[in-house]
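Dear colleague,

Please find below the structure that I would like to hand over to you.

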Amino acid sequence: MSEAIIHNQIRKLRFEHGEMTQQALAEQVGITRQTVIALERSKYYPSLELAFKIAHTFGLGLEDVFQYEPTDSS
Amino acid sequence: MSYREKSSWANLAVTLAVFIPYFWYVFREPVASLNPLVHIGVVIVISVVSALAHIALAIFTKDERDERDAIIETKSYRNAYLVLAVGAMLVSIGSYFSAINPELLPSRPLLAQVAAAIFFCFVLAEMTNWTTQIVLYRRLS
């Protein structure tokens, strides 16, 4: 079974959007600051709804924020 | 560290601190431990200590819960259920075989020992719950 890695640009996008803090992003999308930290470190992958909320907060499409990279070829 | 992670640490610490001496006493002194004051005392101690720990946590840390907390909680309860189910099954099987062959167990109050064993399974399940949460919070942060 292949394992995928999902990269994201959340940290970079936060800084590009008025140096938004992790807490500010957390409050906008309804999660905790610890979850934002986990997302930025790619330690936690968001649900589809949360991914859309984050992308919507930055005014971008889903794939502009999250990138899928399969590690094994199927 | 989030409130929930700190709560898991607090719950695990309180459980270990209270129940290690409790079960050590119950299994070493099965007759003396039948005193209801022992069990009432344990309930009071764990309730008070746990409440104080969580009050202290709530003063300094905001309690928030999101989807990551929900996932961690689901996985930890699943693991706890498995431990409880296996433990209860082992106690049931042991009780059955000791009932049909009393020589399997030394002469002790059988019902009290079964009750203590089932309670031990419950406490072990709770410890599994808190430990799983701690591990997952560290892994997913």
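Predicted model: local features only at pLDDT ≥ 70, side-chain atom pairs only at ≥ 80, totals over all residues.

Chain B as a whole

Chain B has four helices and zero strands, and along the sequence its pattern reads α-α-α-α. Its C-alpha atoms fill a box of roughly 55 × 30 × 15 Å along the principal axes. Chain B has 141 residues, of which 33% count as buried. Among the contacts in chain B with a separation of 6 or more, 85% are between residues 24 or more positions apart.

Two helices side by side

How do the helices α1(B) and α2(B), the latter spanning residues 36-60, lie relative to each other? Their axes come within 10 Å and cross at roughly 160 degrees. An angle over 145 degrees counts as roughly antiparallel, and α1(B) and α2(B) are therefore roughly antiparallel to each other. The crossing of these two helices is right-handed.

On the side of α1(B) they include B:Ser7, B:Ala10, B:Val14, B:Val18 and B:Tyr22, while on the side of α2(B) they include B:Val42, B:Ile46, B:Val49, B:His54 and B:Leu57. Leaving aside residues up to four places away in sequence, B:Ser7 touches B:His54 and B:Leu57. Is B:Ser7 buried or exposed? B:Ser7 has a relative accessible area of 12%, and because buried means under 20%, B:Ser7 is buried.

Aromatic rings

A pair of aromatic rings is described by two quantities, the distance of the centres and the angle of the planes. Over all chains, the structure holds 11 aromatic pairs. One of them joins B:Phe23 and B:Phe119, with 5.7 Å from centre to centre and 45 degrees between the planes, and this pair is tilted. B:Phe23 lies in helix α1 (residues 3-28) of chain B and B:Phe119 in helix α4 (residues 110-139) of chain B, so the pair ties together parts that are 96 residues apart in sequence. B:Phe23 counts as buried, at 6% relative accessibility, whereas B:Phe119 is partly exposed, with a relative accessible area of 28%. Both residues also belong to a cluster linked by ring pairs, together with B:Phe19, B:Tyr22, B:Phe27, B:Phe120 and B:Phe122.

Helix α4 of chain B also holds B:Val135. This residue is partly exposed, with a relative accessible area of 39%. B:Val135 and B:Leu52 are 83 residues apart in sequence, and their C-alpha atoms are 24 Å apart in space.

A covered helix in chain A

In chain A, helix α3 (residues 33-40) is mostly covered, since seven of its eight residues are buried. Among them are A:Val36, A:Ile37, A:Ala38 and A:Leu39. What do the buried residues of α3(A) pack against? Within chain A, they pack against β1 (4-8), α1 (10-16), α2 (22-29) and α4 (48-58), and they also pack against α3 (67-100) of chain B. After α3(A) comes A:Ser42, which has a positive phi near 55 degrees.

Elsewhere in chain A, the charged end of A:Arg14 sits over the ring of A:Phe15, 5.3 Å from the centre of that ring.

Yours sincerely

Technical notes. Residues numbered from 1 in each chain as written. Chains lettered and ligands numbered in written order. Heavy atoms only, no water. Phe/Tyr/Trp six-rings, centres within 6.5 Å; stacked < 30°, edge-to-face > 60°. Buried < 20%, exposed > 50% of the residue type's maximum accessible area, 1.4 Å probe, protein only. Lys NZ or Arg CZ within 6 Å of the ring centre and 35° of its normal. Axes fitted to C-alpha atoms, helices over the stretch in contact; angles between N-to-C directions. Parallel < 35°, antiparallel > 145°, perpendicular 65-115°, else oblique. Left-handed = near helix turned anticlockwise from the far one by under 90°. Contact = heavy atoms within 4.5 Å.
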